[in-house]
Amino acid sequence: SGKTPLTLIGLGPMGRAMVHRFLDAGHRVTVWNRTASRADDVVARGATRAATAAEAVEANRLVLLSLTDYEAMYAVLDGADLAGRVVVNLSSDTPEKTLKAAAWLAERGAELLVGGVMVPAPLVGDPSAYVFYSGPEEVFDRHRDVLAVIGRPDHLGQDHTLAQLFYQAQLDVFLTSLAGMLHAIALVGSAGVSAERFAPYLGDLLSSLNLYVEETARHVDAGEHPGDQANVTMMGATADHIVGATEAAGLDAALPRAVQSLYRRAVEAGHGRDSWTALVNVIRGR
Ligand code: NDP
């Protein structure tokens, strides 16, 4: 077929889900995984198993990586002929590690596209799926159609670190929210309330967060935090009460204390009557 053949290395749940979508779309896919047995199901579906990582890399010009982190990339690519290849690294890591990888690949004649997949493995290729990319625009443009197989590709810019930053910013909200959710369940649980009984209220609260996004963005971009609705002093008092209730219940208070600390410092900096969005100044260290 006229579909771009590609190599995919790293067959955890995410890598395997991607291989399935590429095979569904009619691409020829060469795979390799450190633990060889993890390739069995995709090979049974028609992917080609390479004997070594170097052989997998050399099979195609387009090489996708779905690994734990960027350190793993060196273990996989070291010794392979990388000249003229495009490496799309869909593994999460820090901006610093990402820049180092771009330079390492450039020295070997390869180009890096950085990717951050924004859905869990079962939703790869779903209409709701999107993937952040950063790196050279023309390299992205050349591979846009292939990459669209796993999710809507969003190119954020030339700077390699952008996709990592967007990915981590999203996960920042996600991980903090999940931890908050579990803390809240433990808090009502201290009174013998089951998580299931509390769940509808939790769902309602989480949906309502969406309503704050636009106003937050407006305040932060304008650098103005009019406190006519929920101000820092009021929200900070509630933050104190959450810490108090947590301690009374004998639960771990690290998470609510971190939030309480932001409010306290915002009050100390004179933001008491401003909107809670003024916390961004404390976060920015201003
Ligand atoms: P796994 O931890 O299941 O898979 C990691 C892969 O990296 C495995 O194939 C593993 O090989 C390989 N690997 C790790 N270290 C090395 C090494 N030193 N040498 C060779 N291979 C190595 O992760 P996932 O599949 O869940 O995720 C992969 C990436 O996708 C991660 O960066 C993750 O952040 C991202 N992601 C995952 C999501 C998900 O729902 N799972 C959602 C969004 C993003 P081996 O099998 O031999 O251990």
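**A residue and the ligand site**

Reply: Before anything else, this is a predicted model. Val280 counts as buried because its relative accessibility is 17%, and buried here means under 20%.

Me: Which helix does Val280 lie in?
Reply: Val280 lies in helix H12, which covers residues 279-283.

Me: And how far is Val280 from Phe198, C-alpha to C-alpha?
Reply: The C-alpha atoms of Val280 and Phe198 are separated by 30 Å, and the two residues are 82 residues apart along the chain.

Me: OK, switching to the ligand. How many residues surround it, and which are the closest?
Reply: The ligand is surrounded by 23 residues, of which the closest are Asn33, Arg34, Thr35, Arg38 and Leu67. By class, this shell is made up of 13 nonpolar, eight polar and two charged residues.

Me: What about polar side-chain or backbone atoms by the ligand's oxygen atoms?
Reply: For Thr35, a polar side-chain atom lies 2.6 Å from an oxygen atom of the ligand. On the backbone side, an N or O atom of Ala121 lies 3.1 Å from a ligand oxygen atom, and a polar backbone atom of Pro13 is 3.3 Å from an oxygen atom of the ligand.

Me: How much of the ligand does the protein bury?
Reply: Taken alone, the ligand exposes 900 Å², and the protein buries 76% of that.

Me: Which pocket is that, and which elements give two or more residues to the shell?
Reply: The ligand takes up the space of the second largest pocket. Helix H1 (13-24) and helix H4 (70-77) are the elements that give two or more residues to the shell around the ligand, and H4 gives the most, with three residues.

How values were computed
Residues numbered from 1 in each chain as written. Predicted model: local features only at pLDDT ≥ 70, side-chain atom pairs only at ≥ 80, totals over all residues. Heavy atoms only, no water. Near = heavy atom within 4 Å. Polar contact = N/O pair within 3.5 Å; in protein donor to acceptor, adjacent residues only side chain to side chain. Areas by Shrake-Rupley, 256 points an atom, 1.4 Å probe, with all protein chains shown as cover. 1 Å grid on protein atoms, 1.4 Å probe; cavity = no way out; pocket = protein on both sides within 12 Å on 5 of 7 lines; lining within 4 Å. Sits in = over half its atoms within 2 Å of the grid points. Helix = DSSP H or I, 4+ residues; strand = E, 2+ residues; numbered from the N terminus. Nonpolar A, V, L, I, M, F, W, Y, C, P; charged D, E, K, R; others polar. Buried < 20%, exposed > 50% of the residue type's maximum accessible area, 1.4 Å probe, protein only.
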